[in-house]
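Trainee: I would like to learn how to read the features of a structure like this one. Please give the general idea before each case.

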Amino acid sequence: MIPPAAKRVRVDYDFKDDSQDSEVDMLELKAGDILTVLEESEEEGGWWRGRTANGKEGFFPITYCSVIEEEPTKASPPPPPVPSEDPKNSDDALIPPVGRMGSNSVSAVSTNAISINALSANGPSPQSDKKSLIVNAPILGVTSDSFTNSRDGLISSNPNVASLTPASRPPKPPTYNKASISILRKKGIGAHRRQASMEALLRAKESKTPKRGDRKARSPQIDKKDVMKSIIDKGYVSKKAGYTILDDKVKIPTQFFIWAHNMAIIASLFCLVLGFCALAWGAIDDKWGLNHGILGTYSVALGIYIVLFEKFFGTERQASALPKRGFMYFILGFPLFFTYPTVLAGIFVWITASVHCVSAFYEEEIKAPRKRKKAKAAPIRRENKTRERKSSFGNTYRPLMVIDGVELLEPEPTLWDNLKAWIIFLRNSSKLGEKVFLLVYIVLNVLFFLYAVVLWVNLNQELDEEDRISSAGPFAKGFGWTLDFNCALILIPVCRNLLSIMYDISSTKSFIGGCCGVLVTFIPLDRNIAFHKFVAYVMCLCAFGHMFFHFINYALRPDQTIDLFGIVPWYTGGFIMLCIFMIFSGAQLLVRRKQFEIFWYTHVFIFPLFFFTILIHGNGGWNPNFWKWFILPLLLYLTERFVTIRRARKEVSLVSATIMKPNVFSIELAKSGPFAMKPNNREPYSEGQYCFINCPQLSRFEWHPFTISSAPSDKTVTFHIRRSVPGSWTDKLQKFLMSLGTPNGGRIDYFHNEGAARKAGRVMGPGGLPLLKIDGPHSAPTQHITKYRQVMVVGAGIGVTPVASSCKSVVFHKWRTAVGKVFPHHGYFYWVCSHRDIDSFRWLIRLVKECQDEVSHQKSTAAWPQDRRFEFHIFITSVPKNAKNVMVQVPKHEDVSFWGRKVDDTKIEKKKGPFTEAQLYGVLKCPADLQQMGDVYVHRGRPNWKAEFQRVKEHHPKTTVGIAFCGNHFIAKDLKRYSMQFSNVEEDQLFRLHLENF
């Protein structure tokens with residue numbers, strides 16, 4: 001504790017200790033009291049010791065108070081909340097309620113509104129004396145006593161009332177229990193009484209018993225989740241969700257456990273394959289047969305055990321510093337080093353154990369991912385009892401007629417009928433070109449494999465009998481040749497700039513554009529990442545086959561194998577498998593989602609070593625075949641890297657940043673550098689395209705992908721970024737941007753000096769490094785919407801950003817300035833959002849409201865086509881049973897930080913839509929089964945995609961509907977299934993799906 005120098009604090013929140021503990025002197029605080037500080041904690045926050053005006057001394061939470069900078073005599077406590085005398089005459093009058101409400105929605109919005117003006121931490125502002133807090137007491141039937149204090153400000157105890165306070169008000173300290181005491185390390189109350197005070201608080205919290213005769217009373221249970229969350233919010237140490245504990249500070253949350261889980265699965269595959277190799281050695285080798293047989297059996301059994309263990313117990317971890325799994329894998333992997341075939345599997349098991357030890361060092365706590373509940377099957381209709389038979393592709397065969405009770409059926413479908421049905425099925429689903437491309441790829445791999453096997457069988461026959469390798473050798477070479485081909489091919493799908501150029505050329509009407517258009521029809525360029533993954537799995541299969549048959553070949557003809565291939569391939573082959581092990585384990589979906597850095601660094605730093613080792617993987621340190629396949633993809637990839645580096649060197653002018661509550665910020669860039677206009681005055685990017693962003697001030701190697709949220713025709717380029725947990729890259733970026741300027745209502749403007757003039761935009765940061773670097777824009781599925789007259793744009797979770805970009809482009813630019821035909825002419829937009837994420841997308845609520853205003857205004861003019869349709873559907877999932885409708889009215893100076901910046905900055909008086917942001921926000925917080933607000937439809941629960949496709953098909957028969965989706969793979973499967981089901985080439989009805997999964 002540090003003795004202060006005549007410091008005083010003002011109490012901002014009421015505080016009363018209910019522990020009734022005589023060992024600890026806790027002060028009872030009232031809002032507005034002035035305390036004299038006697039001792040203050042060395043740590044930021046915590047418990048200080050002070051004296052009240054009546055002379056009572058004790059401890060109090062400093063986070064309930066604010067330090068008085070000026071003279072104590074000039075300070076005045078903040079005024080208490082005062083109900084408004086006349087809400088109608090208030091400057092913050094209630095917003096009119098929404099028209100038609102559902103039974104579970106905002107049925108009486110006008111009775112559930114409160115308006116709160118900001119109070120600074122140091123006292124009221126001159127304007128806040130009149131209306132520091134306006135509560136509609138006459139309407140709600142509540143008084144100021146109905147409001148209590150919370151960490152986020154004043155919250156109504158009435159379940160139908162919500163509130164809003166500025167972020168400047170200090171939050172409450174956390175509640176203490178056993179977990180928080182151990183985490184806080186007993187800090188903040190003074191060394192001489194720290195232990196007794198914390199133990200007394202703990203006993204008081206846990207020793208409360210129900211009063212005699214009160215059967216319903218229960219001992220209060222302290223929720224560990226709430227304690228951990230509050231501790232994290234206050235900057236204390238936490239072990240929740242894998243937060244790293246170092247020097248009593250919250251570091252970046254780590255997810256090494258998930259990486260180790262993937263490693264264990266891959267290590268089990270090596271145990272199985274190499275275990276069978278050891279069994280084969282045991283059956284061949286007379287001297288070491290018993291050892292190889294025993295250890296081979298152990299390796300196979302260990303592989304099966306690891307798979308089962310990781311399946312049932314490998315996805316969860318409790319916060320503990322004891323590396324139990326690390327010790328287990330170290331012990332289980334030790335016997336694998338006693339035979340040559342299983343040494344590599346032992347190395348991988350030990351690497352897995354090491355990563356588990358790292359996870360234990362950071363005391364990670366991981367919960368198993370939730371499994372998606374299966375949708376209930378539609379009820380079976382029993383009225384149609386006619387027996388039907390179906391082919392493999394859904395063709396229904398009904399009886400031709402019924403004579404004397406005997407059904408005369410169509411003949412059974414032949415192979416040719418099934419083939420025709422399959423082709424029609426692919427045409428209907430717009431997947432014919434993709435399947436043809438995939439078929440050509442598989443045929444090429446099979447031909448390369450067979451050619452290599454036949455070639456080496458002939459070469460082996462030409463050798464003398466004592467120099468020949470075994471019959472397993474040609475198969476090893478066949479897998480090796482196929483592996484070389486795929487290792488070279490895997491670079492092409494990640495040449496993003498090359499794919500973007502092909503997209504741009506295919507959209508032109510030139511001869512080359514037509515050729516590229518035909519090529520794009522058969523090569524699914526928007527599925528480049530999916531093809532990259534598929535090639536990677538083929539590589540893995542070929543690598544295992546190459547390794548297995550070489551081990552068998554060596555067991556049969558060891559001397560001849562060494563003489564023909566040398567000893568170098570054995571070492572380089574082991575290192576190649578190590579690279580595959582590291583890259584594959586770090587590239588899985590959960591690792592990319594939870595800790596993108598693992599995926600990024602394993603790819604960036606290991607893949608050059610991987611390709612270099614393949615080049616020297618051969619007799620004499622040279623692979624005679626790989627370089628032939630590798631030279632063209634290498635040139636393309638080097639060109640890609642050259643273009644990327646050149647783009648990254650272009651100056652990026654940062655115009656502004658907007659900090660939005662609770663965890664979102666946006667950056668605004670000037671249309672210069674990588675976003676300069678293209679020739680012929682074409683826009684620099686299309687709807688929904690994305691860029692990789694790098695901040696050299698944070699890291700020169702980390703590039704993170706973000707979708708452009710602005711429309712191509714906007715004056716500037718914006719990115720909406722969701723801030724992740726404390727210590728993450730996005731959190732550091734937000735803090736860095738905030739350090740460069742002072743927020744003004746949530747917005748930070750950046751300037752640079754040109755001579756004596758001060759102009760908007762800033763390029764360079766501290767230390768002479770650029771503020772940001774941009775690689776992009778790159779192609780995305782949403783850019784295809786301009787090819788169709790009818791579009792369905794779907795976004796889920798963080799994939800909603802392309803929906804925002806597309807909606808702004810269509811409503812504010814294409815439809816506003818359209819002359820003649822416009823693509824698209826009809827727009828159906830879908831947003832699927834979890835209830836817990838609504839506050840993170842309040843900026844999208846403002847966008848939806850402004851789009852509705854613009855559509856309402858266009859409908860009032862003569863230029864609006866009568867047949868044009870605009871619909872915006874919002875599906876709220878995981879709605880809690882106790883969800884309440886809320887209504888907030890935000891002060892003007894908090895408008896941007898709460899709702900985000902406005903999209904339409906024109907000053908023209910326009911016709912408004914039938915709702916406001918606050919009303920839509922309230923409906924989303926407690927949605928009905930279906931509620932219409934103008935052209936916006938709010939649904940409760942998951943989408944019924946079958947009904948949506950049926951409705952769109954009825955509105956637009958015999959047309960082609962473009963579907964663009966960005967989101968999770970569950971929704972992608974549904975969209976894929978129904979786009980196939982509702983497409984029919986014979987009826988000229990097609991649903992073309994362009995999707996992007998993450």
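Mentor: Start with pairing: two strands pair if DSSP finds at least two bridges between them. Helices (H or I, at least four residues) and strands (E, at least two) are DSSP runs, numbered from the N terminus. The model here is predicted, so local features need pLDDT of at least 70 and side-chain atom pairs count only at pLDDT 80 or more, while totals for chains, interfaces and linings use all residues. Residues are numbered from 1 along each chain as its sequence is written, and side-chain values use heavy atoms, with hydrogens and water left out.

Trainee: How many bridges join strand S17 to S20?

Mentor: Strand S17 (residues 664-670) and S20 are joined by 7 bridges and run antiparallel. Within this pair, Leu669 is opposite Val717 of S20.

Trainee: Is strand S20 mostly covered or mostly uncovered?

Mentor: Burial needs a cut-off: buried means under 20% relative accessible area, exposed over 50%, and partly exposed in between (1.4 Å probe, protein chains only). Strand S20, residues 716-722, is mostly covered, with 5 of its 7 residues buried.

Trainee: What are the totals for the chain?

Mentor: The chain has 27 helices and 32 strands. It has 998 residues, of which 51% count as buried. Areas come from the Shrake-Rupley method with a 1.4 Å probe, and for residues only the protein chains shown count as cover. The accessible surface of the chain is about 49,800 Å², and carbon and sulfur atoms hold 58% of that. For contacts, the rule is heavy atoms within 4.5 Å. Among contacts in the chain with a separation of 6 or more, 72% are between residues 24 or more positions apart.

Trainee: Which residues is Val535 in contact with, leaving aside its neighbours within four places in sequence?

Mentor: With those neighbours left aside, Val535 is in contact with Tyr441, Asn486, Leu489 and Ile490. Val535 belongs to helix H15 (residues 528-556) and is buried, at 0% relative accessible area. Leu483 is 52 residues from Val535 along the chain, and their C-alpha atoms are separated by 9.9 Å.

Trainee: How should I read a salt bridge?

Mentor: Side chains of opposite charge can pair when their charged atoms come close. The rule used here asks for a side-chain nitrogen of Lys or Arg within 4 Å of a carboxyl oxygen of Asp or Glu. By this rule the count is 25 salt bridges. One of them joins the side chains of Glu465 and Arg468, at 3.1 Å from N to O. Glu465 is exposed, with a relative accessible area of 52%, whereas Arg468 is partly exposed at 21%.

Trainee: Where do Arg901 and Glu668 lie?

Mentor: Arg901 and Glu668 form a salt bridge, their closest N and O atoms being 2.6 Å apart. The pair links distant parts of the chain, 233 residues apart: Arg901 is in the loop between helix H24 (895-899) and helix H25 (917-925), and Glu668 is in strand S17. Arg901 is partly exposed, with a relative accessible area of 30%, while Glu668 is buried at 7%.

Trainee: What is the case within a helix?

Mentor: Arg951 and Glu948 form a salt bridge with closest N and O atoms 2.5 Å apart. Both lie in helix H26 (residues 945-955), 3 residues apart, about one turn of the helix. Arg951 is partly exposed at 22% relative accessible area, and Glu948 is buried at 8%. Elsewhere, salt bridges that share partners join Glu668, Arg747, Asp749 and Arg901 into one network.
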